[in-house]
Amino acid sequence: MHVNTGSSGAAARAAAGLAKGTSPGTGLGRALTVTLTLACAISSANIYLNQPVLTDMAHSFGVSEGAMGSVPTATQFGYALGILLLVPLGDTRDRRKLILTLGTATTVALAAAAVAPNLAALTVVSFLLGALTPIPQIVIPLAVALSGERTKGRTVGVLQGGLLVGLLASRAYAGALADLVGWRWVYGCSVALMVMLVALLFFALPKGITGASTMPYRELLASLPKLLADHALVRRVCLSGALVGISFGAFWTTLAFVLQDSYGYGPGIAGLFGLVAAASALGSPRAGRLADRKGGRYTQTLLLIVSLAGWAALAGGKNWLALLVLGVVLLDVGVWGNQVVNQAMLFKLDPVQHSRLNTLYFTTRFIGIATGSLVGSQIWNVGGWYGVGILGVGVLLLAAPILCTTRDAVPASEDTLVPTDVPAGEA
């Protein structure tokens, strides 16, 4: 459809989900970038708080450690469901209100977890906590809508770095705090952090950043398979993301096994490896900037080489701890850089669909990580650390033809961009 000069600005704002009077690329200053990065870090940490304190929880409730496995399992299933059902709302709802609502609900769920009287109650609350926590997957498309076309990769990289730091540091933070004051105060302190975050977001988030799609919620969900079927780039990004996720999940699930088997280290040291991996957060913004300059295909090829080098180092990590540490850093740089570039490539497609594209990507990515965790632990039983390494390298090699041949989408000009889900009479 032809868009005349007088309506081009309105179309661009509508497609990007921008408020009237706001131009694409002008709404994301340094202060707001820092705020949104904090939002990604603090909210993502809530998913992994329970992992280092399961033993303390088991003693508190008088149940076995095996029974406590229901808590992280419920949290992860809830998180997957939240991504699927809530993140698409970013394409149709006021994103500021959606983020504030989820932040408030997450705070309530954390408070409920802190006072849970028994395992059954904590399991239910953990499921709800996971379902309400995909805040970063709504924050990142909002930041992309406010950023300029040339800085999308950098924007995704910076916010993804915040998410990564929160995710990896949460294990060490929760374990150390539980040793001092008990596991309930881990959730209590997270409540305080979320209260401060919601207050900060209330004042910092711009108003009127609303998804441009007019589709009803049921149609919004029904459109997800169609998006996957209609766009070869989306299929390739999601498939490669899932394969890389298998490699990542297999490693992190079996890391504790090899630390115990080869070095006699317990779960406390395994948790500290999360801080080692946090160094990879430094690579995320750089991966995004490199994708902005060189393109997704070039950057993905380089990151694939880094990931394979990580597994090569990890193979020797069974006998040399220094190689294990090096392998952790290299693998995480490659995997998290891959995620940044995948998102940046998807965000060059129709801005009206960004939240749904994010939903598809993270749902398939999560399935890959969960599959890697399951298969990796089974391979450990029969093939040990080298068997896990073969799995990790094998799936990366399966992803290689996709990563090395996928071209970036050519974004529509911000002056002529028309939202495909807006009725013709409203464009």
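This is a predicted model: local features need pLDDT of at least 70, side-chain atom pairs count only at pLDDT 80 or more; totals for chains, interfaces and linings use all residues.
**View 1. The nonpolar core around Leu-36.** The largest nonpolar core comprises 107 residues. Leu-36, Tyr-187 and Phe-251 have the most contacts inside this core. Helix H16, residues 354-403, gives the most to the core, contributing 15 residues.

**View 2. Gln-339 in helix H15.** Helix H15 covers residues 321-346 and includes Gln-339. The relative accessibility of Gln-339 is 4%, so this residue counts as buried, the cut-off being under 20%. Apart from neighbours within four places in sequence, the contacts of Gln-339 are Gln-160, Tyr-361, Phe-362 and Arg-365.

**View 3. Ala-315 in helix H14.** Ala-315 belongs to helix H14, which runs over residues 296-316. With a relative accessible area of 33%, Ala-315 is partly exposed, because this class lies between the 20% and 50% limits. When residues up to four places away in sequence are not counted, Ala-315 touches Trp-385 and Tyr-386. Val-388 is 73 residues from Ala-315 along the chain, and the C-alpha atoms of the two are separated by 9.4 Å.

**View 4. Helix H4, residues 70-86.** Helix H4 has 17 residues, which at 1.5 Å a residue should span 24 Å. Buried residues in H4 are Val-71, Pro-72, Ala-74, Thr-75, Gln-76, Gly-78, Tyr-79, Gly-82 and Ile-83.

Note on methods. Residues are numbered from 1 along each chain as its sequence is written. Side-chain values use heavy atoms; hydrogens and water are left out. Helices (H or I, at least four residues) and strands (E, at least two) are DSSP runs, numbered from the N terminus. Buried means under 20% relative accessible area, exposed over 50%, partly exposed in between (1.4 Å probe, protein chains only). Contact means heavy atoms within 4.5 Å. The expected span of a helix is 1.5 Å times one less than its number of residues. A nonpolar core is a set of buried Ala, Val, Leu, Ile, Met, Phe, Trp, Tyr and Cys residues joined through side-chain atoms within 4.5 Å.
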